[in-house]
Amino acid sequence: MTFVVTDNCIRCKYTDCVEVCPVDCFYEGPNFLVINPDECIDCALCEPECPANAIFSEDEVPAGQEQFIALNAELSEQWPNITSMHEPLPDAKEWDGVPNKLQYLER
């Protein structure tokens with residue numbers, strides 16, 4: 001089992017989760033983070049640290065967001081690893097909670 005970053009991270013990109021990950025399985029794109037499913041050890045430390053509540057266990061991904069399971073796997077193979085916390089995107093608070101943000105994902 002793995003954890004999955006979902007829709008609400010898009011255009012927020014808080015990195016509190018990265019700071020607590022013991023295996024450095026987060027990868028960073030321009031406006032979204034993903035988890036590499038092959039590296040995630042299912043420790044659950046990241047989930048409560050996400051201010052946007054965008055991280056879920058693979059078997060608890062909200063209905064309609066299942067495509068993020070494959071998206072995390074795909075993008076974690078393309079994007080660089082991130083191992084330390086940094087500032088969220090400047091307008092993160094404005095985007096937190098906005099539904100259906102997949103269209104804004106920058107690759």
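Predicted model: local features only at pLDDT ≥ 70, side-chain atom pairs only at ≥ 80, totals over all residues.
1. Overall fold. The protein contains three helices and four strands, and these follow one another along the sequence in the pattern β-α-β-β-β-α-α. The radius of gyration is 12 Å, close to the 13 Å that the globule rule gives for 107 residues, so the protein is as compact as a globular protein of that length. Taken along the principal axes, the box filled by the C-alpha atoms comes to roughly 30 × 30 × 25 Å.

2. Contacts and surface. Among the contacts with a sequence separation of 6 or more, 76% are between residues 24 or more positions apart. Of the 107 residues, 43% count as buried, while the protein exposes about 5,500 Å², of which carbon and sulfur atoms supply 48%.

3. In soluble globular proteins, nonpolar side chains tend to be buried together. Here the largest nonpolar core has 32 residues, and the members that touch the most others are F26, F32, I35 and I55. The elements that give two or more residues to this core are the strands β1 (3-5), β2 (26-28) and β3 (33-35), together with the helices α1 (16-20), α2 (67-76) and α3 (92-95).

4. F32 and the aromatic rings. Leaving out residues up to four places away in sequence, F32 touches V5, T6, C9, I10 and K13 on the one hand, and Y27, F68, L71, L75, W79 and L105 on the other.

5. C9. This cysteine is found in the loop between β1 and α1 and is buried, with a relative accessible area of 6%. Apart from its neighbours within four places in sequence, C9 is in contact with N31, F32, L33, A54 and K101. C9 and W95 are 86 residues apart in sequence, yet their C-alpha atoms are 8.8 Å apart in space.

6. S76. Helix α2 holds S76, and this serine counts as buried because its relative accessibility is 5%, which lies under the 20% limit. Its contacts, again not counting residues up to four places away in sequence, are with Y27, V34, I35, N36 and P37; I35 is also one of the core members that touch the most others. S76 and E60, by contrast with the pair in the previous point, are 16 residues apart in sequence and 20 Å apart in space, C-alpha to C-alpha.

7. How many disulfides does the structure hold? There are zero, and C43 is in none, the nearest cysteine sulfur being that of C21 at 6.0 Å. For C46, the closest cysteine sulfur is in C43 at a distance of 6.1 Å, which is too far for a bond, because a disulfide needs the two sulfur atoms within 2.5 Å.

Key. Residues numbered from 1 in each chain as written. Heavy atoms only, no water. Rg over C-alpha atoms; globule rule 2.2 N^0.38 Å. Buried < 20%, exposed > 50% of the residue type's maximum accessible area, 1.4 Å probe, protein only. Contact = heavy atoms within 4.5 Å. Areas by Shrake-Rupley, 256 points an atom, 1.4 Å probe, with all protein chains shown as cover. Core = buried A, V, L, I, M, F, W, Y, C linked by side-chain atoms within 4.5 Å.
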